[in-house]
Every structure is written in C-alpha cells, then in structure tokens.
Amino acid sequence: TRLDSQDQVVWSRTLTVSNNIQHVATKADGSMMVQTCALDTSGLARPALTHLDSTGNLISAWYYAYGPAAVNWLHGARSADGMNLLMGSTMSYDPPYYTNVLAKINDGGAVQWARGIGPDGSNYQQPTVYAMSDGRSLISSPFSEILAVESNGNLAWASRYPAMNQICDAVTLGNGNYLLAGYTSYITTTRIALLELTSNGNVVSMKTYGHEGVLTVGNATPDRGVRFALASNGNILVRQPTASGNGGNGYLLLLDPSGTPIWGMGSQNAGHGTVAFLSDSIALSTSQFSGVAGILRRSASDLSFSGCMINTAPLQFDTTSSRENAQYELFPVSMTVVPWSPNITNNQMDAVSVCDPLVVEVRSTSPAYTVLPSYVLDQCRVLGLNGKERIEVVDMLGVVRSNFASPVDGVLDLRLLSPGYYLLRITGHGIARTLRIVKT
C-alpha cells in the first residue's frame with residue numbers, strides 16, 4: 001500500500017505469495033523491490049524478489065531455489081550499495097537440520113553471491129539480516145549471536161553476547177559503531193536492551209530500559225521484536241511490543257544520543273510494528289491486535305501529542321555485557337534463478353482517522369508536572385509550574401476549549417466544561433507536556 005504525505009491511500013495491491021512481504025525498498029525512480037516468498041511448480045516455498053513500478057504494477061520477478069527443500073524462514077534487507085539481501089533457512093544441505101543461506105542479489109535478479117552458515121546451522125534458527133551503512137551485513141539469531149559479513153560475502157567475525165536474550169534490530173551510528181536492539185533478562189524483568197559494539201564486535205556499553213514490574217516483553221521472534229530508528233540529530237526512537245494486556249500493547253521510547261530517556265509511552269491496542277523518522281516528525285506504524293493497520297505521526301520536538309496512548313515512564317538501567325567467540329564459517333552455495341509472474345490485484349482501502357479510546361499522557365524527565373485531582377468536578381491544580389507556562393484545555397477532537405496564561409497557584413477553573421476526557425497541554429521553557437484529566 002502506498003500512502004501520500006497526508007497518510008491517504010494512493011494505491012494498494014495484493015500479491016499472491018506463500019508468505020508475508022519481508023522488505024520493501026523504494027528506488028530513486030519510484031519503483032520498488034519487494035522481498036517475499038513464492039511457490040514453485042511443486043508447491044514449495046522459495047525466496048522471491050519482485051520489481052514493481054511506482055504505481056504498483058509488475059515489472060519483473062524471480063524466485064530462487066538453493067536445493068530440493070523449501071525455505072522455512074525468510075528475512076530481507078537492502079544493502080548500502082543498493083543490493084537486495086535475502087536470508088533463508090532450508091533443509092536442502094543437511095536434513096533434518098536447517099542450513100541458513102544469505103544471498104546478495106542485484107535489481108536485475110542476478111545473484112552476486114550466496115553463502116551458507118556452517119558448520120552447525122541447526123543451532124542458528126530464525127536468522128535475521130541487517131544492512132549496515134559501512135557495507136557489511138549483520139546476521140543475528142535468537143541465541144544472541146552475531147555474524148558480521150563483508151560486502152563481498154566473506155566472514156568478518158562471529159560473536160555471542162550472553163547478556164542479550166535476543167537481538168531484533170541493528171543500525172550504524174555516526175561514529176562507525178553498531179547499535180543493536182533487543183531484550184535482556186539479566187535483571188528481574190525482561191527489558192528493552194541497547195548494545196553498542198565497535199565495528200570489530202567489541203562491547204562499548206549496554207543500556208536497558210523499562211519500568212520495574214510494568215514493562216515485560218514476550219518471546220517475540222526477531223521480525224516482531226524491538227525496532228528503532230536514528231534521527232539526524234542522533235536521537236534514537238525505540239518501538240517495542242509488550243506482553244501486557246491482550247498481547248497487543250506497545251511501548252514507544254525516545255532517547256537522546258547518549259541513551260538517556262527523553263520520554264516514553266505505552267500504547268493500547270498497538271502491538272508489533274516499526275518506526276521511522278520523517279524529517280522533523282516521527283511516523284509510528286503499528287498493527288493492532290484487532291487486525292487493523294495504523295500509522296501514528298507526531299512531532300519529534302513538540303511533546304504535545306494526540307493518539308491512542310497511555311503513559312509509561314521510562315527508566316534506564318546500565319548492564320554489563322560480555323563477548324564470546326562463536327564458531328561459524330561461511331561456505332558458497334549455488335542458487336537457481338527462476339523467472340516468476342506473481343498474481344497482482346488491486347485493493348480498495350481507505351485511511352480512517354479513528355482512535356477509541358483516546359487517552360493520552362506524556363511524561364518526560366524534566367520539568368515534572370502533576371494535576372490534582374485528575375477527575376475534576378469544578379477546579380483542579382497543576383503542580384510544578386513556575387508562573388511562565390501557558391495551559392490549553394483540549395478536547396478529544398483537538399479543539400481548544402480553555403486557555404490559561406500563568407495561572408495563579410496553578411489553579412484551573414473548569415466548571416464550564418462538559419463532562420468527558422480532556423488534555424492539559426502545558427507549554428513553556430521551549431518544551432511542551434500533556435496531562436490527562438476527566439471532567440465529571
């Protein structure tokens with residue numbers, strides 16, 4: 001589905017394939033390289049690459065067979081030099097064990113190289129590949145192992161990081177180091193963990209985030225785990241599904257370049273998803289447990305906020321991580337390229353702005369504002385003001401219902417408000433905070 005800058009549907013297509021779309025890369029000409037699975041003539045699942053034009057029509061497609069067995073697990077990425085990285089698992093080489101294969105394929109469908117992971121790929125289940133800006137590919141597994149692969153397909157190093165339960169995402173920092181996102185259970189509850197490594201795999205630092213007794217995460221697979229993005233100013237946005245509620249809740253955390261929390265939020269009915277910085281705004285893409293896809297967009301500098309969110313205050317914990325050598329090697333494998341014609345049909349899809357319930361709170365590290373009582377009959381009082389703030393009372397449709405400039409003692413007279421949910425949007429000191437109240 002392609003959306004315009006206002007998040008409205010331009011077009012939507014259905015590809016008849018055997019598995020989910022794993023990765024989409026948009027080229028400079030507006031066309032797209034789509035990585036997914038195809039069914040061959042025997043009905044076996046194969047890694048596939050589909051080239052669509054900017055309107056979603058088929059240009060060309062290929063699937064890849066690297067032995068008699070099907071692909072069991074697939075993950076994809078786009079390399080720094082504009083190639084397609086396909087990661088798959090197959091029983092073709094050492095049945096009944098799986099061998100994992102990483103292939104680098106150009107946009108014309110030709111295989112540049114393909115490498116199997118040995119000697120014991122069966123211990124390296126559900127591998128995930130990440131394209132780093134220095135040209136390397138990082139391959140991770142649920143066993144907290146990382147393989148660094150050079151752009152020519154040679155192995156740079158392989159290591160294990162036992163303090164990490166699982167590694168789910170990786171990016172290259174401005175200093176050339178690698179930042180890995182995942183989980184750790186080295187403390188009492190499972191928490192978000194960020195592990196910084198040098199380019200040769202040595203540990204620089206490990207930081208964990210959460211709230212004791214509040215944030216716990218499930219055993220998500222790497223494609224359904226922590227996601228993060230880097231802004232041009234070095235800020236880090238972390239997206240995390242939690243195991244609370246119906247399993248469809250999420251957690252959004254903004255960190256400064258040092259890893260210190262700026263704000264954190266929990267989101268109702270918004271589980272697995274991904275995040276990206278779009279210029280000066282943040283787009284949060286989620287898939288609700290009810291099966292409805294949603295996009296949440298907000299400003300990266302203005303903490304005033306509208307969306308289906310409930311507050312979760314971030315806490316930071318430092319954790320020590322060690323590095324162990326992992327005994328792996330890469331060996332060349334041959335892949336057969338087969339032209340393919342997937343069935344592509346049009347979808348009718350509408351973008352609807354709807355949030356129910358709309359409950360919003362945002363906490364940040366400083367300053368700390370509190371409203372008492374939060375269920376208001378006539379008046380409430382905002383604590384923590386210094387007399388230079390402005391307060392707007394906003395309803396759930398975003399309409400400002402009342403304004404207060406430097407209220408005396410922080411007292412707000414709300415007797416004229418109708419009963420319902422409202423936001424107190426507090427601005428001052430170059431920042432903004434939002435508190436929730438209920439008018440009774």
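Which residue of S31 stands opposite Tyr64? The residue opposite Tyr64 is Val337, and the legends below place this pair and other local details within a predicted model.

**Figure 1. Overview of the predicted chain and its confidence.** The model is predicted, and its chain contains 41 strands and zero helices. Of the 440 residues, 49% count as buried. Among contacts between residues at least 6 apart in sequence, 50% join residues at least 24 apart. The mean pLDDT of the chain is 77, with 71% of the residues reaching 70 or more.

**Figure 2. The open sheet of five strands, S4-S5-S6-S7-S31.** The five strands follow one another in the order S4-S5-S6-S7-S31, and their pairing is antiparallel. Strand S4 (23-26) and strand S31 (336-339) stand at the edges; each has a single partner strand, so one side of each is left without a neighbour in the sheet. On average, neighbouring strands of this sheet are turned by 30 degrees against each other, direction ignored. Strands of a sheet pair through backbone hydrogen bonds, in either a parallel or an antiparallel manner.

**Figure 3. Pairing of S7 with S31.** Strand S7 (residues 58-65) is joined to S31 by four bridges, and the two run antiparallel. Within this view, Tyr64 stands opposite Val337 of S31.

**Figure 4. Arg46 in strand S6.** Arg46 has its place in strand S6 (residues 45-52), a member of the five-stranded open sheet. Is Arg46 buried or exposed? Arg46 counts as buried because its relative accessibility is 6%, which is under the 20% limit for that class. A polar atom of the Arg46 side chain lies 2.7 Å from the backbone oxygen of Ala69. Tyr66 is 20 residues from Arg46 along the chain, and the C-alpha atoms of these two residues are separated by 8.7 Å.

**Figure 5. Strand S13 and its two partner strands, S12 and S14.** Strand S12 (residues 128-131) pairs with S13 in the antiparallel sense over four bridges. S13 also pairs with strand S14 (residues 145-149), again antiparallel and over four bridges. Ser137 of S13 takes part in both pairings: Ala131 stands opposite Ser137, and the bridge partner of Ser137 in S14 is Val149. The hairpin of S12 and S13 has five residues between the strands, and in this hairpin Gly135 takes a positive phi near 100 degrees. Both faces of strand S13 (residues 137-140) are covered. Ser137 and Ile139 on one side are buried, as are Leu138 and Ser140 on the other.

Figure 6. Glu145 is found in strand S14. With a relative accessibility of 4%, Glu145 counts as buried. Which side chains make polar contacts with the side chain of Glu145? One is the side chain of Arg160, at 2.5 Å. Another is the side chain of Tyr328, at 3.1 Å.

**Figure 7. The largest nonpolar core.** This core has 17 residues. Those with the most contacts inside the core are Leu138, Ile146, Trp157, Tyr161, Met164, Leu180 and Leu195. The elements that give two or more residues to the core are S14, strand S16 (166-172), strand S17 (178-184) and strand S18 (191-197). S18 gives the most, with three residues. Leaving aside residues up to four places away in sequence, Met164 touches Ser144, Ala181, Gly182, Tyr183, Ala193, Leu195 and Met206.

**Figure 8. The open sheet of three strands, S34-S36-S39.** The three strands stand in the order S34-S36-S39, with antiparallel pairing. Strand S34 (370-372) and strand S39 (411-413) are the edge strands, each pairing on one side only. From one strand to the next, the twist averages 25 degrees. S34 and strand S36 (residues 379-383) run antiparallel and are joined by three bridges. Thr370 has Leu383 as its bridge partner in S36.

Methods:
Residues numbered from 1 in each chain as written. Predicted model: local features only at pLDDT ≥ 70, side-chain atom pairs only at ≥ 80, totals over all residues. Heavy atoms only, no water. Pairing = 2+ DSSP bridges. Axes fitted to C-alpha atoms, helices over the stretch in contact; angles between N-to-C directions. Buried < 20%, exposed > 50% of the residue type's maximum accessible area, 1.4 Å probe, protein only. Core = buried A, V, L, I, M, F, W, Y, C linked by side-chain atoms within 4.5 Å. Contact = heavy atoms within 4.5 Å. pLDDT = per-residue confidence, 0-100. Polar contact = N/O pair within 3.5 Å; in protein donor to acceptor, adjacent residues only side chain to side chain.
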